[in-house]
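Please examine the sequence and the structure shown below. A short report on selected features accompanies them.

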Amino acid sequence: MVDPSPPPATGSDGAPLSRRALRAAERAARLEAELDGTAADAEPSGPAAAADRAATTGRADKPAPLAARAGSSGSAASPEPATTSPNGSAGSAATPSGSPADPATGTRGAAPDRLTATPGARPTTGASTPSAEPAGSGDSAASAASAEEPAPASRAGRNLPAAIGVGLGLGAVLIASLFIRKEAFVVLAVVACAIALWELERALRTRDIRLPYLPLVVGTVGMLVSAYQAGIEALLVAFLLTAGGVFVWRVLDGGGGDALRDATAGIFAAAYIPFLAGFLMIMLSADDGQWRVLMFVALVVANDTGGYIAGVLFGRHPMAPSVSPKKSWEGAAGSVVLAALVGVGFAIFAIDATWWAGLAIGVVAVAGATMGDLSESMLKRDLGVKDMGKILPGHGGILDRVDSILICSPVVFALLLVVAPA
């Protein structure tokens, strides 16, 4: 049988080397690799090569210094001993098997824990030490790390392409419903209010509050149709009937403290969504109602767009950090500028009003829309939700889009009665 073990290392004269000579030869080989600057370019190492060099020069290689003994097998030694990193990366400290105890540590083959090696990292000791990683492994590690890191969130906090696409689609549907037939816009408003009520009902469930949804939807239809057909008096009557119906419905479903709480929340929902939307229906009922509603919606869009652009580019001072951290005073200034331009343009070319009337409407619309945004932000914070819904990609829910419209509609309606009566 053939012995698979390699033959013992011998010198140039053929005599086997002692263990002390072997250790000295290995340390000398590592020292030479350090002086050459890279382990790959170093001369052949090992006991046989060291013995040959000893025979050629007539002297044995000197033992390597303490710092050289810290290098790992197959890599250049670091000026200071390195310890094995937790993940077992290359470049960790090691000494040959059977080496004598290190005086710096008192343990056999161990190095002092003064430097933790990490893959691809340069030593911080002042001497340039080649990495023990294969060529290109540093780039691969960097690529893997960058792939694992999440993409940085945009300052806008939303999916901008999706938001623009959804916004353009909603705008097209709204314009078509206004100028093809006004009643189509009433139907669109009823559907939007019903979905907004459903989103609010789901959000309130997180606080164990149940909205009487069915009477609220019936009341929504009554309030919006009454406002379009008969004006503000009919809207008030329809709201009172809805509030009474919500209360009776919830009491019949079960009494107690929960019934009072749910009925109160239902009356709030009726006032917040369909009642405020009813003022938009009153504006629509005028002879030039489609232009008034279009101007109103354009003012709200200008408020959002101007505030978004100015806030992203120049926003530094938060308006209400505890309620809506992304709103800034610089964004509010951008909203005022763009809404004022839109208001002046619609006043001159659409509703036959003076330019200063359009300017006033633009500024007031920004104030009302901002109050609507902050009001819904406070509600969402209290409920512990980020968005009321997810039906509109890039926007959230329907209620997240109409919150500005709801609070702003009675404000603009009242100002239009003064500066541009129908």
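## Basis of the model

This is a predicted model, in which local features need pLDDT of at least 70, side-chain atom pairs count only at pLDDT 80 or more, and totals for chains, interfaces and linings use all residues. Residues are numbered from 1 along each chain as its sequence is written, and side-chain values use heavy atoms, with hydrogens and water left out.

## Helix 6 and helix 8

Helix 6 (residues 213–230) packs with helix 8 (residues 257–284) at an angle of about 25°, and their axes are 8 Å apart. Helices here are DSSP runs (H or I, at least four residues), numbered from the N terminus. The two helices are therefore roughly parallel (angles under 35 degrees).

Residues of helix 6 that meet helix 8 include Leu 216, Met 223 and Tyr 228; contact means heavy atoms within 4.5 Å. By class, this contact of helix 6 with helix 8 has 13 nonpolar, three polar and no charged residues. Nonpolar covers Ala, Val, Leu, Ile, Met, Phe, Trp, Tyr, Cys and Pro, charged covers Asp, Glu, Lys and Arg, and the others, Gly among them, count as polar.

## Ser 377

Ser 377 belongs to helix 11 (residues 355–383). Ser 377 is buried, with a relative accessible area of 13% (buried means under 20%, exposed over 50%, with a 1.4 Å probe and protein chains only). Its side chain reaches the backbone oxygen of Asp 373 at 2.9 Å.

Most residues other than glycine have a negative phi. Asp 208, however, has a positive phi of about 60°, and Asp 352 has a positive phi of about 55°. Asp 208 is exposed, at 59% relative accessible area, and Asp 352 is exposed, at 74%.

Technical notes
Axes fitted to C-alpha atoms, helices over the stretch in contact; angles between N-to-C directions. Parallel < 35°, antiparallel > 145°, perpendicular 65-115°, else oblique. Polar contact = N/O pair within 3.5 Å; in protein donor to acceptor, adjacent residues only side chain to side chain.
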